[in-house]
Amino acid sequence: MSDVLIIGGGVIGMLTAWQLAEAGQTVTLLERGRCGREASWAGGGIVSPLYPWRYSDPVSHLARFAECEYPRLVARLLEETGIDPEYRQRGLLYLRVDDGDRAFDWAHRFGKPLEVVGADAIYAKEPWLVEGIEAGLWMPTLGSIRNPRLCQALRARLSTLSRVTLEEGLAVEGVCVEQGRVAGVETSRGRFTAGQVVLCGGAWSGVLLDRLGVALPVRPVKGQMMLFRTPPMAKGRQLLERVVLADGRYLIPRGDGRVLIGSTLEEADFDKTPTEEARESLRQSALAMIPALADCPIEHHWAGLRPAAPDGIPFIGEVPEIPGLFVNAGHYRNGLVLAPASSRLMVDMLLRRPPLIDPAPYAPAGLSTSAWSSCNPLSA
């Protein structure tokens, strides 16, 4: 019997398991596929909400904490696993922003450097951007991370911890409730018992809790992305070296010169099939920022499912009327962004220690519940 069962092996689930193990807890992490292969793998890796001033303060508070944690987290993973998640703090260029006053108000309140830059500064930073850009916003501290490698490093770290058991390739079929509180789960490989269960199931979390009689307003929103392979440029430069955001689409450079374009927003239930329509839309958005990408081959095109909650504020806390059952889901486009903060808040709650982040804005206290049996089917 473990102290804690975690359902879902994305970045949030893995970070939660790691922190609990370091606090002396025994943890079993249950993943229906392979850890880090859903939304955590499919995202772009920008370590900030795209337009942070358009989110509510609860999201900004989590993001500020997480942004401070990422350099330390990446340094530890590189030292302890030898896998480099490629954290790059090269800044972000915002083009064609129409709510600059709101952006500067947010930057002032949260102590973030943000400035208006003209054409000379923009093209000095990124000379292959499309011609005709006159001004933009520049946030020099923004970072990005190569999220598939972050997932690889986290999984490798967990595999070395004696207090963590990874159970991959199994489906959770029911949450077991005994004497009014959670007692474990039923899976395709039998029952696992624990005094606490944490649901970090991403876009599937709403489905899982619905089958337990809990209405969690988290739904999947499909996002498609592509990766260009670019040639070396003059003077040892890359075609793109900083994140660029325009009209809701972004370009992200990788350390090996590849450039990622993202992303679509689609209501497609749980369909993750890439489409030709999205491929062409993403391609045109990329060329509108860097025309030279027209000559670069598209190396990969994929889709993932974001777990969308109202206002983009995740649910983090204990499920009403089911003691011992916790949820950490609904991060929408910011799961990777907020992961170090939301997992820390979850661990503080599980260990009953004073939280470093005020938990009130994320509490699932308003969720409605109905009667449940001792082991309701949960498989999605």
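A search of the whole structure turns up 3 cavities of 30 Å³ or more. Here a cavity is a set of points, on a 1 Å grid over the protein atoms alone, where a 1.4 Å probe fits but cannot get out, and lining residues have an atom within 4 Å of a point. This is a predicted model, where local features need pLDDT of at least 70, side-chain atom pairs count only at pLDDT 80 or more, and totals for chains, interfaces and linings use all residues. Residues are numbered from 1 along each chain as its sequence is written, and side-chain values use heavy atoms, with hydrogens and water left out.

**Cavities**
- The largest cavity has a volume of about 120 Å³, taken as the space filled by probe spheres set on the points, which are joined across faces, edges and corners.
- Its lining includes Val47, Arg64, Trp106 and Met139, and the largest share, 4 residues, comes from H3.
- The second largest cavity comes in at about 40 Å³, with Arg88, Glu241 and Pro253 among the residues lining that space.

**Nonpolar cores**
- In the largest nonpolar core, with 49 residues, Ile6 and Tyr70 touch the most other members.
- Such a core is a set of buried Ala, Val, Leu, Ile, Met, Phe, Trp, Tyr and Cys residues joined through side-chain atoms within 4.5 Å, and buried means under 20% relative accessible area (1.4 Å probe, protein chains only).
- Leaving aside neighbours within four places in sequence, Tyr70 is in contact (heavy atoms within 4.5 Å) with residues including Val47, Leu150 and Pro340.
- A second, separate core of 27 residues includes Leu5 and Phe315.

Methods: Buried < 20%, exposed > 50% of the residue type's maximum accessible area, 1.4 Å probe, protein only. 1 Å grid on protein atoms, 1.4 Å probe; cavity = no way out; pocket = protein on both sides within 12 Å on 5 of 7 lines; lining within 4 Å. Helix = DSSP H or I, 4+ residues; strand = E, 2+ residues; numbered from the N terminus.
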